[in-house]
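Colleague: Could you walk me through this one? I have it open and would like the main points.

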Amino acid sequence: MLGYVLRRILSTVPVMAIVAMIVFSLLYLAPGDPASVIAGDQATPEDVARIRANLGLDRPFLVRFFEWSGQIVRGDLGTSIFTNLPVTSLIKQRIEPTLSLTLVTLILSVLVAVPLGVLAAWKVGTWLDRGIMALAVVGFSVPVFVVGYVLAYLFALVLDWLPVQGYTPIAQGFWPWIQNLILPSIALGGIYIALIARITRSAMLDVLAQDYIRTARAKGLGQTPTLFVHALKNAAVPIVTVIGLGMALLIGGAVVTESVFAIPGLGRLTVDAILRRDYPVIQGLVLMFSFVYVLVNLLVDISYTFLDPRIKY
Amino acid sequence: MTFSRRTALKGLGSAGLLASSGLHAPAISQGVAAKTLKFVPQSNLANFDPIWGTQYVVRNAAALVWDTLYGVDDKLQPQRQMVEGEEVSADGLVWTFKLRDGLKFHDGEKVLAKDVVASMDRWSQRDPMGLMIRGVQNELVAVDDRTFKWSLKKPYPKMLLALAKNNAPCSFVMPERIAKTDAFKQITEYIGSGPMKFAKSEWVPGAKAVFEKFADYVPRSEPASWLAGGKRMLVDRVEWIIMPDPATAAAALQSGEVDWWENPISDLVPLLKKNKNINVDIADPLGNIGSFRMNHLQAPFNDVKVRRAVLTALNQEDYMRALVGSDDTLWKPVPGYFTPNTPLYTEEGGEILKMRNIEAAKKLLAESSYKGEPVVCVVAQDQPITKAQGDVTADLLKKIGMTVDFVATDWGTVGARRAKKDAPGQGGWGMFHTWHAGADCINPAAYTAIRANGDKAWFGWPDVPEVEAQVTAWFDATDLAGEKAAIGKLNKAALDSVVYAPTGFFLGYQAWRKTVSGVVKGPLPFFWDVSKTA
């Protein structure tokens, strides 16, 4: 097991290297020039060229790539072209809001979606099943920003229960922290809940048709232990897989959610960096997101061994 | 019925009306709340060097932190600010300035003449007027701690305007050690002598910037007027909260989470106006001039007949309606290049813009060298102003029989592509859209877009010697009559050769809660004399 984990961790190195190469190349090929954004409209072409030279953007592709790669190996993601702050500092400033948002969304989604999926599978073919699946379709279909606006309308402006925007660090207390996250998490969680609920239902239906479930029921085992102890555990592998894969959805959705609720997170940092062509920040963020994605999927793979003893590494 | 993002914005905005009771519980105590002003700026404060980066948002924040030698007032006149007095020699070649006593930087050090010399040296490497001064400069030296001397080879009558103007980059004064930074590299310390200190530790680019009152600031005794007069801070703390989503900003203003929003979008203004807790008014009376530029170096716009054909077909109302909707108070036609309601405004030569004539445009086009080649129209879709104008232009070009290659892209790409002089089919461009702050268009001082000095001109590279001759005449003019004469001729020459196409004059709103007082109209948000009650 330990050997497997180490091998998987090591295997992230070539993955990250390929990601780094692709990101760097794409940004090099993409149109746009941060120097012209910095120089402003009044700048002469000479001014723009001088800024570009100072930023090192006029050097050949390979020189820039190897220099950047060297920095990455040393754990240095570079310095933002615009803010002149280290990319790692910018990420540190922004990681707490995004981590909080994704974690609360993840917990909320799992707590809501799994029971809904189990319920739909248990009551398959009934109005309850159809109702839950219809809700899932709505969750998939309605854009995050629409859900966000509607929630803000109801709970922030009409009822005045929660703030419209912003983020309060958890160091300032649990309630100030969570009250800024409730609406964004519900908005962001919609699509995730829909996805997990559908997969849970589907996996549960497969398991519930197994002989051992019929045996358990024949023995007189109650409905709740049958569903949640015997069936759900055996249906967990695809559910956990989807939760892991769905992290990409969360990261993508966080970009919009953070804009709608003015949360100073990594999603907004990414969009701002792309619009301004702040190459070091974009590269650093994409690398970090890729690493998180690889790591989450590693954790998912490891979790299989706990959920299904037949799986061994 | 379709449901779009814009519909959603309006829905959320209207929701605020229901929440306009003002009962929202503030998160901080009433006393602290009254001393903290929460402001939503036009865009993100991504960097904070007002010489290195010339975006307006940087200039606006910098005006809190750094002071200037002179400041322009609401009559557009330069007034003394850090300077106690100045003397100019009879031949106009030597300017001697004396600083006010008691000026201090935020680190406690006195402001000395050597700081000013280093600051002016850095500024004059990046500013168009500064570069002109450098071009005629003999020397710029500190005479003593409070006196510095600027000696020139040739008189420069617009010296005080150059030092007072609000166009970016402004001539902000920094400590010598900071001002010695290469003008093309970013500073890393943000120490000024202005009325507010920059709280660097609280700066989260893209989210928040904080300014704290500078206790040792000594305001002038005169009343504040734009960048001139006594800059008295009536709040202890100004927080800039960046909100990329206008609906969120509208909702936050209505719920009392923020106090002042610099630029509400016109879609949401009617809703804000209905809220009894909110004031809405014009932000900047100098407004903006919309424009599109044609590439004078490449076909088809290297032929003046083609450019004039486009101008003949242009109806500014179409553009302005696309920008501001049905609110007639927000726009007016501008048959020229200079800001309406300012001393040098002129319509000389503006007949071509006063009457749209599609048939005449077609005739002119037929007489030109245009052979039906596609016009590469590069339009940034992420800027509402450029997108709306681009859509109108594409329609206009088609109406007169031109083929349009509409390149929908983002502003970052436009910024890079417009600098290319290649043929449109080889990565170059035919036309792009933009706009100019009215404050930049009151005279040629900072009006880069009006210049027509060929390779050295702004993108599109017009080469019209008569325009340049009149720019020089304006710089040399010593009275208003002389300036007006030069500007009249300049306007006509620029329209005759279509240096660029002005698409109209438009204004924008600002909105603030009624608990805030002292907000004035101006080319940037002025925070002095602004107070807030809990």
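**Hairpin, sheets and interface**

Modeller: Start with a hairpin: E6(B) and E7(B) form one, with four residues between them. Helices (H or I, at least four residues) and strands (E, at least two) are DSSP runs, numbered from the N terminus. This is a predicted model, in which local features need pLDDT of at least 70, side-chain atom pairs count only at pLDDT 80 or more, and totals for chains, interfaces and linings use all residues. Residues are numbered from 1 along each chain as its sequence is written, while chains are lettered from A and ligands numbered from 1 in the order in which they are written.

Colleague: In which sense do E6(B) and E7(B) pair, and over how many bridges?

Modeller: The sense is antiparallel, over five bridges. Two strands count as paired if DSSP finds at least two bridges between them. B:Glu139 stands opposite B:Ser151 in E7(B).

Colleague: Which sheet of four strands is there, and in what order?

Modeller: It is an open sheet of chain B with the order E4-E5-E7-E6 and antiparallel pairing. Strand E4 (83-88) and strand E6 (137-142) of chain B are at the edges; each has a single partner strand, so one side of each is left without a neighbour in the sheet. On average, neighbouring strands of this sheet are turned by 15° against each other, direction ignored.

Colleague: What packs on the sheet?

Modeller: Helix H4 (residues 113-123) of chain B does, touching E5, E6 and strand E7 (147-152) of chain B. The direction of H4 makes about 145° with that of E6(B). Axes here are lines fitted to C-alpha atoms, for helices over the stretch in contact, and angles run from 0 to 180 degrees between N-to-C directions. Two residues are in contact if their C-beta atoms, placed from the backbone, lie within 7 Å.

Colleague: And how many bridges join E4(B) to strand E5?

Modeller: Five bridges join E4(B) to strand E5 (residues 94-99) of chain B, and the two run antiparallel. B:Gly85 has B:Lys98 in E5(B) as its bridge partner.

Colleague: Which strands form the open sheet of seven?

Modeller: In chain B the order is E8-E9-E10-E1-E11-E19-E12, and the pairing is mixed. Strand E8 (196-198) and strand E12 (278-282) of chain B are the edge strands, each pairing on one side only. Within that sheet, strand E9 (residues 208-213) and strand E10 (residues 237-241) of chain B pair in the antiparallel sense over five bridges. B:Glu212 has B:Arg237 in E10(B) as its bridge partner. Helix H3 (residues 56-65) of chain B packs on the sheet and touches E8, E9 and E10 of chain B; the direction of H3 makes about 120° with that of E8(B).

Colleague: Stepping back, how many helices and strands does chain B have?

Modeller: Chain B has 16 helices and 21 strands. Of its 534 residues, 53% count as buried, meaning that 20 or more other C-beta atoms, placed from the backbone, lie within 10 Å of the residue's own. With 534 residues, a compact globule would have a radius of gyration near 24 Å, and chain B agrees with 24 Å. That radius is taken over C-alpha atoms, and the globule rule is 2.2 Å times the number of residues to the power 0.38.

Colleague: What are the domains of chain B?

Modeller: Domain 1 is 36-279 + 511-532 and domain 2 is 288-506; the bounds come from an automatic or database domain assignment. Their C-alpha centres lie 30 Å apart. Twelve residues of domain 1 of chain B are in contact with 15 residues of domain 2 of chain B.

Colleague: What about chain A, how many helices and strands there?

Modeller: Chain A has 14 helices and zero strands. Of the 313 residues of chain A, 40% count as buried. Chain A is divided into domain 1 (35-76) and domain 2 (87-307), with C-alpha centres 38 Å apart.

Colleague: How many residues of chain B are in contact with chain A?

Modeller: 50 residues of chain B are in contact with 44 residues of chain A. On the chain B side, helix H1 (5-18), helix H8 (246-255) and helix H14 (411-417) each supply at least two residues. H1(B) gives the most, with seven residues.

How values were computed. Buried ≥ 20, exposed ≤ 12 C-beta atoms within 10 Å, placed from the backbone.
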